[in-house]
Amino acid sequence: MGEPEREPADPFPERSDARPSLRRRVRRPKWWLAGGVVVVLIAAIVALTTGMFGAHRSRTDRVSDNSDPTSTTTVTQGSLSSQLSTDGTLEYTGLDRSDYSVVNQASGTFSALPSAGAVISCGEVLYRVSNDPVILLCGDTPAYRSLYEGDSGPDVQELNRNLVALGYTTRTDLDPDSDYFGAETADALDRLHDRLGEDETGSLTEAQAVFMPGRIRITTVSATLGTTGAPGTPIAQASSTSREVLVNLQASDQIEIKVGDQAQITLPAGQTTPGVISAIGSVASQESSGPTLPVYIKLEHPQAAGTLEQAPVQIDITTTSVNHALIVPVNALVARAGGGYAVEEVSYAGHRLIAVRTGLFDDADGLVQVHGTGLAAGQRVVVPGE
């Protein structure tokens with residue numbers, strides 16, 4: 001006879017609910033035993049999973065159980081920004097954030113006028129009086145006199161800069177910073193008049209040009225074709241060709257922003273494009289919600305706005321940023337009985353509360369920077385479930 005067959009070892013010999021002296025020694029078929037081991041293993045996995053992620057958990061930190069559904073998320077490390085969200089309006093603005101008035105200085109009949117929305121560049125014909133062209137030139141000093149050889153002044157300097165920039169002479173022949181009307185200025189003017197089909201007089205009369213800070217976009221036209229123009233009469237309103245976002249920001253929020261702050265602009269169709277604060281006004285307006293200050297945001301990629309002339313937009317201004325921050329969702333914070341906050345870490349060892357101090361909040365994305373002993377990137381923490 002061979003040795004008696006040995007009974008398989010009990011996979012759980014230390015069970016606290018059974019006494020070794022009273023255990024029944026029963027031989028089981030090997031296939032049944034194997035199935036039992038699988039069942040026990042599945043039960044163990046279910047028990048472990050339920051203990052870690054179930055709605056009812058026994059917390060080692062004595063936090064009371066509740067029936068609210070929960071899930072977990074990972075503590076991450078990276079950059080975090082605090083943002084101020086507000087509404088704004090995309091619109092065309094002048095270089096000084098105001099409209100320009102196009103003032104006529106010629107006498108005669110308006111024979112050609114620009115249309116609203118037209119863009120006029122410096123050196124181009126702006127309108128015509130009795131078929132004589134009135135051109136747009138770039139400069140901050142309006143035309144207030146006719147200019148001839150021998151004159152000098154800031155208006156002459158503007159004229160010289162235009163003639164060089166438009167290619168009617170070169171820097172070698174004419175210093176664009178010169179405020180003197182010399183022979184080369186007269187020669188360059190003749191070349192300009194020749195291109196326009198005008199008499200080459202070597203001079204520029206007050207009625208032949210309108211000076212504006214730069215290229216303009218016509219917003220409204222007040223003159224009417226066929227009517228008589230009089231010197232000093234505004235014929236149109238214009239803006240620059242630049243589009244900016246105007247935000248009427250609560251005056252109390254001004255301390256959070258500065259020129260140069262980055263912004264994210266959400267356009268009406270839902271696409272986003274970056275911008276930067278280019279100016280902050282100093283004169284407050286009284287709104288129903290309180291005093292506001294104008295804030296101007298320049299689009300870094302103007303073409304992203306397409307053909308929009310005016311439209312409501314959503315603005316997120318980045319006010320503060322931090323790098324290498326430990327980040328969790330704001331709803332992962334647990335209020336502590338003695339004050340402050342904690343997060344609930346979940347691991348195979350169980351649950352524990354880790355006390356944390358909060359840093360920067362990102363209200364737009366619902367995230368917060370946290371500091372805490374024992375907290376590290378990659379850990380899993382509890383957040384409310386859906």
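A: His324 lies in strand E17 (residues 310–329), where strands (E, at least two residues) and helices (H or I, at least four) are DSSP runs numbered from the N terminus. This is a predicted model, in which local features need pLDDT of at least 70 and side-chain atom pairs count only at pLDDT 80 or more, while totals for chains, interfaces and linings use all residues. Residues are numbered from 1 along each chain as its sequence is written, and side-chain values use heavy atoms, with hydrogens and water left out.

Although His324 is not a glycine, its phi is positive, about 55 degrees, and His324 is exposed, with a relative accessible area of 68%; buried means under 20%, exposed over 50% and partly exposed in between, using a 1.4 Å probe and protein chains only.

Ser130, which is not a glycine either, has a positive phi of about 50 degrees, but it sits in the loop between E6 and E7 and is partly exposed, at 41% relative accessible area. Strands E6 (residues 125–129) and E7 (residues 132–138) pair in the antiparallel sense over 4 bridges, where pairing requires that DSSP finds at least two bridges between two strands. Within this pair, Tyr127 has Val134 in E7 as its bridge partner.

Both strands belong to an open sheet of 5 strands with mixed pairing, in the order E8-E7-E6-E4-E10. Its edge strands, E8 (209–212) and E10 (228–229), each pair on one side only.
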